[in-house]
Structure formats: C-alpha cells, structure tokens
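Here are my notes after a look through this one, as numbered points. Have the structure open while you read.

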Amino acid sequence: MSDNLRGAVFMVLAMATFALEDMALKAAAQDIPIGQAVTMLGIAGTLVFIAMARLQGDRAFHPALLGKVLIIRSGFEVSGRLFYALAIVLTPLSSASAILQATPLVVALGAVFVFGETVGWRRWMAILVGLGGVLMILRPGFDDFDPLSILAVLGMIGFAGRDLATRASPVTMSSAQLGVAGFIVLTFSGLVLLLVSGEVAAPTLRSLLLVGLATLVGVIAYNALTISMRVGELSVVAPFRYSRLLFALILGVAVFGERPDFWTLLGSAIIVASGLFLLARGRPAKPSL
C-alpha cells in the first residue's frame, strides 16, 4: 500500500468517526448546553489519551507541547472547535459539514507555501472542482443561504491551520500525546462556550451515553487523522475530507430528519468524484508550467 493510499484510507476513517462525533454532540446538545457537552467530551478524551500514552510507555505530556508549533496548533484548534461546535448546533449537520469541505483547498495552499509541495495543474483542477461542488451545496447569495454558516467557515479555517501544524509537529510525538494536547484544547473550548452562555444543566442518562459515544469515536477519529496527515502528500490526502460530507448527509437524514435537495446531492457526487481523481493522480507531480 502506497503512502498516499494509506493516508487516504485513514482520512476516510477519520471523517466517518468525526461525523459520528458531530451527530452525538448535536443530539446531546438537545438535553444539555453545547459548551457542557464539549467540556465533558474534552475531559473524557483527555483521560483516554493519557491512559493510551502510559500504556505505550510514553509520558502523557510531551515537552514539545510548549513549543511554538504546538502552541500555534492549539490556537487553531481552539478556534476550529469553538466555531464548528456552534455551527453543528445552530445549523443543519449536513450544511455545516458541507462548509467544512473547503478545508482541503486551504490545506493544499498551505502545503505549497509552507512545506514547498508541488501541485500539478490536474490536482489543482480536481481540488477546484471539488470546491465547486461545495459551493453548489451552499449556494451563497441565494435566499436559502444561512448567515450562521459563517461559524462553520471560521471553524474550517481553524481546522486547516491545525492540520498544517500537525504536519509540522515533532515526529517524536505519538498520536496519543497529540491526542492529549487536542482534547485539553477541546476542554478549554467547551469552558469558553460555558462562560459565554452561562448555562449548566444536570446531565441526563441519554446525554451521558451520547457524550460517551462521542468520546469513543472521537478518540478513533483523532488517531486516524493524525496518521493520515503524517503519511503521503497533503495535497493528495487532504481532499478525502470530502467523505465527511457523505457521512454527515446520511446521519442528518437518518437521525435528524434533514432532507438534502437535488443540488446538495449533485454537489456531493462532484466532491466524491474529485477526491477519487486525486487518489488516481496520487503519484508525485512534476513542476507546474
């Protein structure tokens, strides 16, 4: 299996489990404030990753956590988690996930300007076609465009910055150590949301089970994402984030009764096609003319 194919497989796994995490948080927020749900998820995930690090014989808190790269990574992740958590609660899950699919374009741009990766014109065309599919779903400028979608846009920018910083993080850091850092940041994001809302509620059994599910799939997702961003070329692996949209569409329909229209479905098909093309073109690109 090539590095690009491995990266793509782990990215799809990460997106499937992240979509399940979104679904569980959105459902839990029907019983308790979203800030409370995010804080509970952050604490539980931190404890799980600390246990994983110890079982692997690593210290839970790597010294690099206080380094420049990891501080930048944490800052981007705080903004990504904050704004996207609000987006999945205040807007349809399928819509918020669709906006998030612009992340590969931002990551690919970062891969060119930060890491010096070469992206051929065919890859650029595939990425832009995929972005066109996202715009087809969003339809900005039309009456059905939701202004609250700006929350998902801000979240997308935060996650793109996090992914680029993950690529630059020290290779000596294990996935478990990165997970500890990520879920500590998630806990902080939840506390910020709690301070802003000022609301706390007694958790129900349903909300506890949903947060437990979010923790389980969130840990799987975080590990898979870290692996995917460390193998293969970012410009090839990152577009497989598009698969998250498909999983979100399915969960939105099955769990929340959302009804995507024709343009949403057509845009989703275009996004998937562009991702598959990028995998087919996954060999190192020659310098663009």
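1. Start with R206 and D31: they form a salt bridge, with the closest N and O atoms 2.8 Å apart. R206 sits in helix α9 and D31 in the loop between α1 and α2, so this pair ties together parts 175 residues apart in sequence. R206 is partly exposed, with a relative accessible area of 38%, and D31 also counts as partly exposed, at 30%. Keep in mind that this is a predicted model.

2. In total the structure holds six salt bridges. Another of them pairs the side chains of R81 and E21, at 3.6 Å from N to O. Since R81 belongs to helix α3 and E21 to helix α1, the pair ties together parts that are 60 residues apart in sequence. R81 is buried at 9% relative accessible area, and E21 is buried at 1%.

3. Then there is R162 with E77, whose side chains meet in a salt bridge of 3.4 Å, N to O. This pair links distant parts of the chain, with R162 in helix α7 (residues 150-168) and E77 in helix α3, 85 residues apart. R162 is buried, with a relative accessible area of 4%; for E77, also buried, the value is 0%. Salt bridges with shared partners join E21, R73, E77, R81 and R162 into one network.

4. What else does E21 touch? Leaving aside neighbours within four places in sequence, E21 is in contact with L41, R81, A214, V217 and G218.

5. Helix α3 (residues 68-90) passes a simple length check: at 1.5 Å a residue, its 23 residues should span 33 Å, and the end C-alpha atoms are 33 Å apart, which agrees. The buried residues of α3 include R73, E77 and R81, along with L70, V78 and Y84 among others.

6. On the surface, L13, L213, L216 and I220 form a nonpolar patch with about 330 Å² of accessible area together. Helix α9 (residues 205-230) gives the most to this patch, with three residues. L13 comes from helix α1 (residues 3-28) and counts as partly exposed because its relative accessibility is 39%.

7. Last, a look at S94 in helix α4 (residues 93-100). S94 counts as buried at 13% relative accessibility. Its side chain makes a polar contact of 2.8 Å with the side chain of E258. Beyond residues up to four places away in sequence, S94 touches L245, A248, L249 and E258.

Terms used
Residues are numbered from 1 along each chain as its sequence is written. This is a predicted model: local features need pLDDT of at least 70, side-chain atom pairs count only at pLDDT 80 or more; totals for chains, interfaces and linings use all residues. Side-chain values use heavy atoms; hydrogens and water are left out. Patches are made of residues with over 30% relative accessible area and no salt bridge: like charges are joined within 9 Å, nonpolar side chains (Val, Leu, Ile, Met, Phe, Trp, Tyr) within 5 Å. Accessible areas come from the Shrake-Rupley method with a 1.4 Å probe; for residues, only the protein chains shown count as cover. A salt bridge is a side-chain nitrogen of Lys or Arg within 4 Å of a carboxyl oxygen of Asp or Glu. Helices (H or I, at least four residues) and strands (E, at least two) are DSSP runs, numbered from the N terminus. Buried means under 20% relative accessible area, exposed over 50%, partly exposed in between (1.4 Å probe, protein chains only). The expected span of a helix is 1.5 Å times one less than its number of residues. A polar contact is a pair of N or O atoms within 3.5 Å; within protein, one must be able to donate a hydrogen and the other to accept it, and residues adjacent in sequence count only if both atoms are side-chain atoms. Contact means heavy atoms within 4.5 Å.
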